[in-house]
Amino acid sequence: MTPRSGVSTPLLELAGLFLRLGLTAFGGPAAHIAMMRHEVVDRRHWLTDAEFLDLLAATHLIPGPNSTEMAIHLGFRREGLRGLLVAGAGFILPASLLVGGLAWIYVRFGEAPQIGWIMYGVSPVIIVIVAQALWKLGRTAVKGPLTLTLGVSVAVLALVGWNELGLLVVAGLLMVAVRRGRPGLVAVAGLALSAPVPLAAETGHLALQITLPRLTLFFLKVGSVLFGSGYVLLAFLRADLVERWGWLTDTQLIDAVTVGQVTPGPVFTTATFIGYVLAGWVGAGLATLGIFLPGFLFVAGSHPFIPRLRASPTMSAILDGVVVASLGLMATVTWTLTRAAIIDVPTAGVAVFAAVILLRSATNTTWVILAGAVFGAVWQGPGL
């Protein structure tokens, strides 16, 4: 049945799902993607794991925030262009408003609110959710010794500091080299690994005046060319905003990235915080629009070609390589998060509790995350 407003029920379901994820998806891109998989594969059966993995690989082939682009892909897959807009906006809007509110508090009182006690209880739950998704996706993506070896190799190389984008490129090229009998691609893969990925243009303090067009264009550039993790985002922002133009101090930039990391939803809402600090609510809105708009355009342009990629033997091999490499990178993130999240007996207990609940029942991950937040508030809050 279609509501009187003319908005389809699937569209409303999309809006509700991604608004909720935008409010509760803590833990960074790997955790966001794990929660999305739980919702659209396990609970709603909109996609199979293989279809989900193809979309995940597609997000790694374009610049921009992976988990946000995954939300946009899922919306497009479900309801076309309207779904693309609804899912993407639903995932971004709650987090942006929350980060904007924290930026207002930061500017008014001079410091970011302390929410570490919430993350104390939430972080172990996130680890379990990510690990569960990684296991289930891995069973689909790993199709034999070759893909297993490739995925493990990518995880190890990422842990020792190899470039993420280079690893994705090499994985795709190596898969083609093996399946299509093209050994020359191995040499190309080696060159891809050694090629540097520039983070910014020349350095040098220019002391440019802050203007809304310049602010918007800067974040459009970031959203259009940035691959990699939140740490890459930090390096990119620092090169221009701190070193070249002097718009922010190092402390302000670190506070902005920290708020983007510890709040739910996309990490790229760091742009919202910076936009507010530099130019108020208008700056926050323009910075947010600038950094996320390219992702909508990239997904709209690339999504229709995903089935064609699978139809081509060469492109299908590349996609398989990128898929298993993506899981290798996800495993690396999971290991890093685990070391930061499970730090004592109580956090280990929360992780075990979450694992038992999620493995033995179909409980919505949102409730388990909220339970972790309550535990953190009780255990770490000012009352104790």
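Predicted model: local features only at pLDDT ≥ 70, side-chain atom pairs only at ≥ 80, totals over all residues.

Me: Is Asp240 buried or exposed? And what about Lys221?

Reply: Asp240 counts as buried because its relative accessibility is 0%, whereas Lys221 is partly exposed, with a relative accessible area of 34%.

Me: Which residues are joined into one network by shared partners?

Reply: Glu13, Arg20, Glu39, Arg43 and Arg44 are joined by salt bridges that share partners. Within that group, Glu39 pairs with Arg44, the closest N and O atoms being 2.3 Å apart, and Glu39 is buried at 0% relative accessible area. Glu13 and Arg44 also meet in a salt bridge, at 3.2 Å from N to O. Glu13 lies in helix α1 (residues 9-24) and Arg44 in the loop between α2 (29-43) and α3, so this pair ties together parts 31 residues apart in sequence.

Me: How many salt bridges are there?

Reply: The count comes to 10 salt bridges.

Me: Changing topic, what does the side chain of Thr59 reach?

Reply: Thr59, found in helix α3 (residues 49-60), reaches the backbone oxygen of Leu56 with its side chain at 2.6 Å. Leaving out residues up to four places away in sequence, Thr59 touches Asn66, Glu69, Met70 and His73, and Thr59 counts as buried because its relative accessibility is 0%.

How values were computed: Residues numbered from 1 in each chain as written. Heavy atoms only, no water. Helix = DSSP H or I, 4+ residues; strand = E, 2+ residues; numbered from the N terminus. Buried < 20%, exposed > 50% of the residue type's maximum accessible area, 1.4 Å probe, protein only. Polar contact = N/O pair within 3.5 Å; in protein donor to acceptor, adjacent residues only side chain to side chain. Contact = heavy atoms within 4.5 Å. Salt bridge = Lys/Arg side-chain N within 4 Å of Asp/Glu carboxyl O.
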